[in-house]
Amino acid sequence: MPEPRARTTNWAGNVTFGSPRIHRPRTVDELRRLVCESTRIRALGSGHSFNLVADSEHDLVRLDGLPSEAVVDERNSTVTVTAGMRYAELVTALDAKGFALANLASLPHISIAGSCATGTHGSGDDLRCLSAAVRAIQFVGPEGDLTWLSRDEDPEVLPGAVVALGALGVVTRLRLDIEPAFRMAQRVRVGVSLGEVSAHVEEVFGAAYSVSLFTDWREEGMVWLKHRTDRAERGWDGGRPARRQVHPVPGMPPEHSTEQRGAVGPWYERLPHFRPGLEPSAGRELQSEFYVPRASAEAAFTVLRGIGHLVAPVLHVAEVRTVRADDLWLSPAHGRDCVTFHFTWHSDPVAVTRVLASVEERLLPLGARPHWGKLTTMAAADVIGTYERAADFEALTHRLDPAGKFRNAFVDDLFPRV
Ligand SMILES: Cc1cc2nc3c(=O)[nH]c(=O)nc-3n(C[C@H](O)[C@H](O)[C@H](O)COP(=O)(O)OP(=O)(O)OC[C@H]3O[C@@H](n4cnc5c(N)ncnc54)[C@H](O)[C@@H]3O)c2cc1C
């Protein structure tokens, strides 16, 4: 039975889905029948996007009612997971078997399929977005057909089918690359001058396996350095060491953050900023993020520092991370190493929209691409114009979904069908 209409907002509560029905099938066969019988249908993940990318004016389907499973293939170093699973569920099971994922986002409570559909990323000079770990993907097509695409068997198509914004079908399983489990230690340096980071981007972001800068774009920030204990890493000693545990947002409870001060722990309790067992409360923030080519990092720092006085009053916190290039057609890091500029805004859409436009005015000339799951004022045509393989993706939607069953207004804006 579809869920009642009342539960149709996203995690932040800033958008309400237009779909009159949310289905929650209990078996893959039930899902296949549902897709076959619907005129238009979209999958909803854990609803952590800040825009209507997941919406449908017809049917929405959640996969968290399907049996959840993670199967490790040690010989091929993969884990095959059910699509509705959240990273927080997967990571402990994987670690217990002696394996790890190379990368995680700041929050582990997001669904794996939803994250991979939008190019969700963590931070690290050598770390690609989470979608780049996808070795194969299984989805239900428009006739209820179940198809696998893999890097080995379908190398021409898979890079187009992973960051797909839900437009190619309902993903039911993903096969992800894994590696032997590793341990990490996290240290925070506070009182870091933005001028120093801007002038030494390579040193700061190259200092550890995963590095994040938090700031309000006025004068200073703090740098979170996440080291692997099995690797010699350069380190960096700007600012001064934090004496106590901190939260990314000043004044928020530090116990929600993953352990700091150099305490060694498993990869999944250090890579995210937030603990798997404690999801940050919802509804008091909005988010935007822009992927800038790495070569323009210093220029991006300069323009954002120039409007720090505009940005800071509507900001909980901003974060700067790095993402390695990948080959996924709609990945915002497609074809280029990036520095990402993220903003966690106050929940004040009017004030935020005004400041966001100022941010975009400055970052877009640097070649910025917005995060698919976050807020932007950019026109869809301008966004898609930054993707070299957009026409190939559009052709793939025609091939796999000729009648447009999996499209919505968000996808129609990007790829209008006349
Ligand atoms: C507190 C917070 C922290 C965040 N941290 C980060 C971060 O560190 N890095 C980052 O890059 N982003 C981050 N995000 C953004 C988030 O990762 C993305 O919005 C991501 O898409 C959320 O996954 P979801 O399952 O909630 O997807 P949803 O928002 O539910 O859906 C997103 C897209 O995925 C599609 N989709 C979902 N499931 C399926 C499926 N089974 N088959 C086909 N398509 C599907 C939907 O149709 C939609 O197009 C954060 C968001 C929040 C709220």
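The largest nonpolar core holds 116 residues, and those touching the most other members are Ile112, Ile137, Ala164, Leu174 and Val292. A core here is a set of buried Ala, Val, Leu, Ile, Met, Phe, Trp, Tyr and Cys residues joined through C-beta atoms within 7 Å. Buried means that 20 or more other C-beta atoms lie within 10 Å of a residue's own (12 or fewer is exposed, in between is partly exposed, and C-beta atoms are placed from the backbone). Keep in mind that this is a predicted model: local features need pLDDT of at least 70 and side-chain atom pairs count only at pLDDT 80 or more, while totals for chains, interfaces and linings use all residues. Numbering runs from 1 along each chain as its sequence is written.

Take Ile112 as a way in. Skipping neighbours within four places in sequence, Ile112 is in contact with Val81, Ala83, Met85, Arg86, Tyr87, Leu90 and Leu174, contact being C-beta atoms, placed from the backbone, within 7 Å.

Now to the ligand. It has 32 residues around it, with Gly45, Ser49, Gly114, Gly166 and Gly373 coming nearest; a residue counts as near if its C-beta atom, placed from the backbone, lies within 6 Å. Two or more residues of this shell come from each of strand S2 (41-44), helix H3 (112-118) and strand S9 (170-177), and H3 gives the largest share, five residues. Helices (H or I, at least four residues) and strands (E, at least two) are DSSP runs, numbered from the N terminus. By class, the shell has 16 nonpolar residues, 15 polar and one charged. Nonpolar covers Ala, Val, Leu, Ile, Met, Phe, Trp, Tyr, Cys and Pro, charged covers Asp, Glu, Lys and Arg, and the others, Gly among them, are polar.

Zooming out, the chain splits into domain 1 (5-62), domain 2 (70-180) and domain 3 (183-380), with bounds from an automatic or database domain assignment. The centres of domains 2 and 3, taken over C-alpha atoms, are 23 Å apart. Their contact takes 31 residues from domain 2 and 30 residues from domain 3. On the domain 2 side, helix H2 (87-96) and helix H4 (158-161) are the elements giving two or more residues, and H2 has the largest share with four residues.

As for the whole chain, there are twelve helices and 19 strands. The radius of gyration is 21 Å, close to the 22 Å from the globule rule for 418 residues, so the chain is as compact as a globular protein of that length. That radius is taken over C-alpha atoms, and the rule is 2.2 Å times the number of residues to the power 0.38. Buried residues account for 48% of the 418.

Conventions. Two residues are in contact if their C-beta atoms, placed from the backbone, lie within 7 Å.
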